[in-house]
Amino acid sequence: MNLDMYLKQLEELVNIDSGSRNPAGIAQVADKLAGWYEQLGWHVERIPLGEETGPVLLITNHPSDHYDVMFVGHMDTVFPDGTAKKRPFRVEGDYCYGPGVGDMKNGDVAMYHVAANLPAEVSDRLSIAMVYNPDEEIGSVYSRDVLDSIGKKADYIFVMESAGQKGTRHCFARKGSLGYEIEFHGIAAHSGFMFEVENASAILEMANYIVKLMGLASREEDTTVNVGIAQGGTAGNVVADYAKISVEMRFKKDSERLRLKREVDTLVKGEPFVKGVRTEIVRSRENMPFVKTEEAARFVARMKELADELGIGFQEKDRGGLSDANHLSRCGHAVVLDGMGPHGANDHSEKENGYIGSVEPCVRLLVTVLEDLAKTR
């Protein structure tokens, strides 16, 4: 592969602000990608999702109602407008830096180079979809249905999030999540007359909830619970009549998902800790875990054989964070693989980086895997 070309393309994408709430920037990234693939002769379809975000890009080597392989990347980042100008793409030694370089514009460009380096006879035998998502960093709220509709047509799905440990550690299982926003409505009063007038502290109720909820975590089951945001009150001398928390829970097992939901439901429907406070769940969200199936385990073993033959390191590690693999693994019978991109680290921070030495092995392994698949088609 042409590494200089890869780095130049990566620089172009990283230097475009494309935060999840910046549809114009996302569309600009989409235009860059579309142009590169069109030069290869691939078919590009833009699927609009409304004014709140950019389009889904569906790029195929030839039109088909079924895809042997679907690759998935996302064009959005977590960074606000102006970040790309403040700290643009740069190379320092074996690493490259910039907003979104490792999450996951490195994987976006790697997908293109898989297509560019695919032998013609393999492309002729396989139907391949390169799919780019505009809103993964906010949970694919606009794109999920479109992605799943494509995923239902695929036999193998490669999510090109960054690999870990310099590109050798991939991901074939992720935790699921539950998220809640809970409001507390109490009775306000002057704090100096708490024992004389009717009052009910929403903040005290909230504090009891924080202790109770975070106590639901289980080290043994690797189930985590975090109250990440707590808000309430207007002044130190006023009993708060309103408070709000945001809770994030992560789990590996479905039994843990059910336990957490049951405990939250019991807590909210039960008697309040503070008489007079009313509690309600105003928003909730749920993501199922991404679990490695037996079929996926066999395919992973074959990939490892191919990697060993190529002299490319190949490891795996489950992850606690979410990706499009969580929902794509639930939309059909496809083998879903994640963390298949080049190495990236320190995501969502000023230290975010990619290891340049991982790019060529990443592309070479994926091309070899596709060559191996083509033998069975």
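## Exercises on helix faces, pockets and backbone geometry

In α1, the buried residues (under 20% relative accessible area, with exposed meaning over 50% and partly exposed in between, for a 1.4 Å probe and protein chains only) are Tyr6, Leu7, Gln9, Leu10, Leu13 and Val14. They lie on the same side of α1, because they cover an arc of only 165 degrees around the axis, the arc being that of the directions from the helix axis to the C-beta atoms. The model is predicted: local features need pLDDT of at least 70, side-chain atom pairs count only at pLDDT 80 or more, and totals for chains, interfaces and linings use all residues. Residues are numbered from 1 along each chain as its sequence is written, and side-chain values use heavy atoms, with hydrogens and water left out.

**Exercise 1.** Describe the surroundings of α1 and its opposite side.

*Solution.* 
- Step 1: Helix α1 runs over residues 3–14; helices (H or I, at least four residues) and strands (E, at least two) are DSSP runs, numbered from the N terminus.
- Step 2: On the other side of α1, Asp4 and Lys8 are exposed.
- Step 3: The cover over the buried residues of α1 includes α2 (23–40), α4 (101–116) and α11 (359–374), as well as β18 (341–345).
- Step 4: At the start of the helix, a side-chain oxygen of asparagine 2 comes within 3.2 Å of the backbone nitrogen of aspartate 4.

**Exercise 2.** Characterise the largest pocket.

*Solution.* 
- Step 1: On a 1 Å grid over the protein atoms alone, a pocket is an open set of points with protein on both sides within 12 Å along at least five of seven lines, whereas a cavity is a set where a 1.4 Å probe fits but cannot get out; lining residues have an atom within 4 Å of a point.
- Step 2: The largest pocket holds about 810 Å³ of space.
- Step 3: Its lining has 32 residues, of which Glu136, Glu137, Gly139, Leu322 and Ser323 lie nearest its centre.
- Step 4: Elements that give two or more residues to this lining include α4, β14 and β15.

**Exercise 3.** Locate the backbone features at methionine 104, serine 140 and asparagine 346.

*Solution.* 
- Step 1: Most residues other than glycine have a negative phi, and most peptide bonds are trans.
- Step 2: The peptide bond from aspartate 103 to methionine 104 is cis, with omega near -5 degrees, and methionine 104 belongs to helix α4.
- Step 3: Serine 140 has a positive phi, near 55 degrees, and sits in the loop between β6 (128–133) and α6 (144–151); at 2% relative accessibility, serine 140 is buried.
- Step 4: Asparagine 346 also has phi near 55 degrees and lies in the loop between β18 and β19 (353–355); at 42% relative accessibility, asparagine 346 is partly exposed.

Key:
Expected span 1.5 Å × (residues − 1). Contact = heavy atoms within 4.5 Å. Polar contact = N/O pair within 3.5 Å; in protein donor to acceptor, adjacent residues only side chain to side chain. Points joined across faces, edges and corners; volume = space filled by probe spheres on them.
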